[in-house]
Amino acid sequence: MGERERGDFSEIPILDVSALYGADQDAIRATAATLRRYLETVGFLYVVGHPIPRADVEAVREASKRFFALPEDEKLKLKIDRNFRGYLPFAGSTIVTSSVATVSKPNQSESIFFMHEVGEDDPRALAEKPLQGPNQWPDEAALGGFRETIENYVGEMSTLARKMVGAIALSLGLPAGSLDRYFDQPTTFLRLLHYPTQPHEEGLFGSAPHTDYGFITLLAQDDVGGLEVKNKAGEWVPAPPIPDSFVMNVGDILARWSNDQFVSTPHRVINRSGRERYSQPFFFDPSMDETIAALPVCVPAGASPKYEPVLYGDYLMERIDKNYHYRKKKAAEAASA
Ligand SMILES: O=C(O)CCC(=O)C(=O)O
Ligand SMILES: [Fe+2]
């Protein structure tokens, strides 16, 4: 890709990140510089050359398939709770804050969320801080090894995400560790998604056009395809499966933090393959109690930042309450109380 402006792309670029795991400073800088270009122009890229074993990605996919194959009443025992952990049944979320389209039909997917683990006796859970509590795990008797598989993957993905945090800092000309403190207690979501094959129907999506809320997303998908990313011309550019890659994208808080230097690009899923699709996005976000204010390096001299500073926890709660049916009623009640 040459000099290009934001949104001017017709395919999703591929970045080999293996240099980030070595000691060659020139190679690290070159990787960071390329990353910067992709985050500025596309907001999406494939990450290859990472050290996460294919078997660990596939183990999560197999665990996901086993979970979604359970009877609905078993899955509903883990129904998503006030801390946003658990099972979201088919047609349980509608994206209403989309800037891309007026969305009314429910997403054609079911999913289960696992967030960063917060034990019942953790001060954050005891203080009833929003979105801080334990995960809901399936019965070991029904799905042996499930929790271990998920927790191992979350550990590996967190390490990769921290590598990318360092590369993003470097890409902006900051010291590699300069953003680390924002992720001391990261807000993480592993979402396991199951998309049945869907009928041809206007305005019907597996995942309706949206942008992601957080900092970065690292997504593993199976070999079915169906993810599409919107370019400046309004075309939906496919992000087809590439073996051993993660699709990485900029979320809204990274765009905001970068004063819109980096772009949070709309994307959607339509699964008309005739096959079931499984994907596993991992969302890696700042600590809830960190304030996100425009990075000075991203604000032109003499200009003011485009956005007010925001506490990440407040920002996230607002986004989540707007987007999920099951929370809307509660949020409205709280607002009128
Ligand atoms: O399943 C996918 O490929 C994308 C899912 C997605 O965009 C999301 O959950 O935010
Ligand atoms: Fe997304």
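Two residues are taken to be in contact if their C-beta atoms, placed from the backbone, lie within 7 Å. On this basis, and leaving aside neighbours within four places in sequence, Leu 218 is in contact with Val 47, Met 157, Leu 160, Ala 161, Phe 246, Met 248, Phe 282 and Phe 284. The model is a predicted one, in which local features need pLDDT of at least 70 and side-chain atom pairs count only at pLDDT 80 or more, whereas totals for chains, interfaces and linings use all residues. Residues are numbered from 1 along each chain as its sequence is written, and chains are lettered from A and ligands numbered from 1 in the order in which they are written.

The protein contains eight helices and 14 strands, where helices (H or I, at least four residues) and strands (E, at least two) are DSSP runs numbered from the N terminus. Its radius of gyration is 19 Å, close to the 20 Å that the globule rule gives for 337 residues, so the protein is as compact as a globular protein of that length; the radius is taken over C-alpha atoms, and the rule is 2.2 Å times the number of residues to the power 0.38. Along the principal axes, the C-alpha atoms fill a box of roughly 55 × 45 × 40 Å. Among contacts with a separation of 6 or more, 76% join residues 24 or more positions apart.

A residue is called buried if 20 or more other C-beta atoms lie within 10 Å of its own, exposed if 12 or fewer, and partly exposed in between, with C-beta atoms placed from the backbone. Of the 337 residues, 39% count as buried. The largest nonpolar core has 79 residues, of which Leu 45, Ile 216 and Leu 218 touch the most other members; helix α5 contributes the largest share of this core, twelve residues. Such a core is a set of buried Ala, Val, Leu, Ile, Met, Phe, Trp, Tyr and Cys residues joined through C-beta atoms within 7 Å.

Helix α5 (residues 146-171) has 26 residues and spans 37 Å from its first C-alpha to its last, close to the 38 Å expected at 1.5 Å a residue, the expected span being 1.5 Å times one less than the number of residues. The helix is followed by Gly 173, with a positive phi near 85°. Helix α1 (residues 25-41), with 17 residues, reaches 25 Å between its first and last C-alpha atoms, close to an expected 24 Å. The buried residues of α1 are Thr 31, Ala 32, Leu 35, Tyr 38, Leu 39 and Thr 41, and their cover includes β1 (14-16), β2 (44-48), α5 and β10. Just after α1, Gly 43 takes a positive phi of about 80°.

The shell around ligand 1 consists of Arg 191, Leu 193, Ser 207, Asp 212, Leu 219, Gln 221, Leu 227, His 267, Val 269, Ser 279 and Pro 281, a residue being near the ligand if its C-beta atom, placed from the backbone, lies within 6 Å of it. Two or more of these residues come from each of β5 (187-195), β7 (216-221), β11 (267-269) and β12 (277-285). By class, the shell has five nonpolar, four polar and two charged residues; Ala, Val, Leu, Ile, Met, Phe, Trp, Tyr, Cys and Pro count as nonpolar, Asp, Glu, Lys and Arg as charged, and the others, Gly among them, as polar.

Most residues other than glycine have a negative phi. Glu 128, in the loop between α4 (123-126) and α5, has a positive phi near 55° and counts as exposed because it has 10 C-beta neighbours inside 10 Å. Asn 259, in the loop between α6 (252-257) and β11, also has a positive phi, of about 55°, but is buried, with 20 other C-beta atoms within 10 Å.

Gly 86 is found in strand β3 (residues 86-88) and is buried, with 21 other C-beta atoms within 10 Å. The C-alpha atoms of Gly 86 and Pro 138, although 52 residues apart along the chain, are separated by 9.5 Å. By contrast, Pro 300, in the loop between β13 (291-292) and β14 (310-311), counts as exposed, with 7 C-beta neighbours inside 10 Å; Pro 300 and Phe 283 are 17 residues apart in sequence and 29 Å apart in space, C-alpha to C-alpha.
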